Amino acid sequence: MLKTIKYGFYVEDEVQVIFLENILPQIISHLKLEDSYSFEKDSLYTSVVSLFPVNNGGRRKFDVTFKMFCEIGIINYEQDVFFLGRDLDKATIYDLEKKIKEMQEHLGEFLESKVIIFLPTRCTEHWLRYIKELKKTENQDLTQKFEEQRNDTVKKNVYGRKKRVEQAQYIHNLCQDIDIDALSQHAESFKHFVESIQIFLNRLN
Amino acid sequence: MLDKIYIRNFKSLENVSLELQDVNLLIGANNSGKTNLLKALVFFSRWLKTDFRLNENGFKRLVFGQKEIVSENEAIALTFRKKMDDKEFIYCAEIYKIHNDLYSYNQFVGIAKNEVKRHFTITNLNYIDENFPEFILQIEENSFYKNKPYDKFQEIEEKNYNDFIMYRLEDSEVKIEANPSSYQKNFLERHSNRYFSGFITELLETFSTLKIYQPAPSKFSKPYPTLAKDYTVQEDAANLVSFLDNMRDEYPEVIKAIVDDLHYSVEEFVDLRFQKVDITQDSEAFKLYGDKTFKKFGLFDKYGRTYWAEELSEGTLYFLALLAIIHQPNPPKLLLLEEPEKGIHPRRIKDVLEYIFLLSSKKNIQVIMTTHSPEVLNFFREMPENVFIVDKKEDATEIKNLYKDIIEPTEKKAEANGLDMDLTDDLADNWKSGFFGGVPFNH
């Protein structure tokens, strides 16, 4: 029987919202669980609760407030799972694991099992950069490590001269038919994200 | 002070109730119904004073859902609950439309059941609720208690009325024409020497001077005619010049309080100044007010300079108007304020709120105000029970108490799951984050 998993999220910017909405059904398919589970965005929560840190608070604000958002989502809105998305800014898997551990400790035992953290190294556009390149090369000869490039360089490469208002649609289009295996192979932080979802779904069984 | 108000079928307020504190704050998105709540109270005040003129379209626009004809059960109903001298009273007015130009209204009063038991459970009376009115009758010799307790309220709205025994005021079921006489107020006054006297008198006092204050600096920064006995600040404070001029001559203590508070918050200003202004016959002011003595006011600074109203910032003017409202000789018993922070520097908002709280405690004035300001909300950090969250669900306004309906249950649920949650830590941030509601929907 198909179980609908109601989810909420708190992320750093709109790129992560679009990415999350598009990638979740694809991961479910990739894990061959489309007959068992489907993710459904909590529309009441997303229409009322701010999805990003308020007052243009950015990353610092995110770090101070993410636990409260998880509590509101899980406790008040009775969501099954809550996604936390934040750009890591750093490039290494060591930094990724360290930050996730730190966030999990802050969340505590009750929330930890209901929260999935995704921290792209360095920012979400690095994942998008891989996606763009993988589509272009059809996964052939991609040897570049984009994590070595600065955020602004990668963003320029992803968006080109697109105006801000055009970016949302562009990201949405880019995020269709992602090769999950290929992206996981190149972007270790994405692989970690897919594994976190798998662990969560296994726990539901 | 009113303990609870309950409003039914007025504009967007299909069915709302609020347990009031001394100073109350309404927060919510634009068009959620905050102002409608204030307007409902003003409507009742005008209805009592009979200066409210009903007309075909006017009444329709006041009714929830803008219905043409409303039955008794769909009536606009305003209910006020109050504890006085340890006794709990309730009053309800219902206004509805029978057909074109013919309106009807009912009025009810009630006393708390526990009050009845406490005072009148006398052993040899073999007391039961239904017998109580007869017993009161013997004591009070009061005809309108002859009615049996009115059970309609128990049927329609248990939550608000089931602690009370309600009585329909005997001669209140009167058909009135579209433009009512001074009947309502007289009617209540006629009953004011009875068992409910204190309650009704206070209710009349509370609503006799009710206004929604929203000072408009553009109106009172212009010359204005000085009128005799202008002792009350108007809703938009347009008469501020005339009011201040009257205060200077007849209530110097009011002027002193205003100037002292202004100086405390805007340090350079030390006094008020007035100047006569010549108005030509073709000017707008002359056309509006006729041949009067016109004046303008200014603020005198510690360096000996006078800044006339038209030279002052909107914020300073607004602040001065607020001080005038707060310190006027007969301030309303219930003060309704729309966005008192408007035009005030964030650092001075705290001063304004402190004055409002001081006024409330010193002069026993109840305040209901609206805001969109995070600074104002954070001032209520230690009293979230004074804050009401206003939201619109479809067409109807929903009002929740920030503490009882939101913070307390959420924190309890969190605690049950081993979480230590403190939603009062930063009310403004949590409000903007959407944890309390009272926000515009995300796109």
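Modeller: Let us start with the sheet in chain A. It is an open sheet of four strands, with the order S2-S1-S3-S4 and parallel pairing. Two strands sit at the edges: S2 (37-41) and S4 (115-118) of chain A. Each of these edge strands pairs on one side only. Neighbouring strands of the sheet are turned against each other by 30 degrees on average, direction ignored. Keep in mind that this is a predicted model.

Now look at one pairing. Strand S1 of chain A covers residues 3-11. Five bridges join S1(A) to S2(A), and the two run parallel. Within this pairing, Lys6(A) of one strand stands opposite Glu40(A) in S2(A).

Next come the helices. Helix H4 of chain A, residues 93-112, lies across strand S3 (81-85) and S4 of chain A. H4(A) runs at about 165 degrees to S4(A). Helix H9 of chain A, residues 188-204, packs on the sheet as well. H9(A) touches S2, S3 and S4 of chain A. The direction of H9(A) makes about 170 degrees with that of S4(A).

For a contrast, turn to chain B. There, strand S4 (residues 76-84) and strand S5 (residues 87-99) run antiparallel. Nine bridges join S4(B) to S5(B). S4(B) and S5(B) form a hairpin, with two residues between them. In the turn, Asp85(B) has a positive phi of about 45 degrees.

Notes: Residues are numbered from 1 along each chain as its sequence is written. Chains are lettered from A and ligands numbered from 1 in the order in which they are written. This is a predicted model: local features need pLDDT of at least 70, side-chain atom pairs count only at pLDDT 80 or more; totals for chains, interfaces and linings use all residues. Two strands pair if DSSP finds at least two bridges between them. Axes are lines fitted to C-alpha atoms, for helices over the stretch in contact, and angles run from 0 to 180 degrees between N-to-C directions. Two residues are in contact if their C-beta atoms, placed from the backbone, lie within 7 Å.
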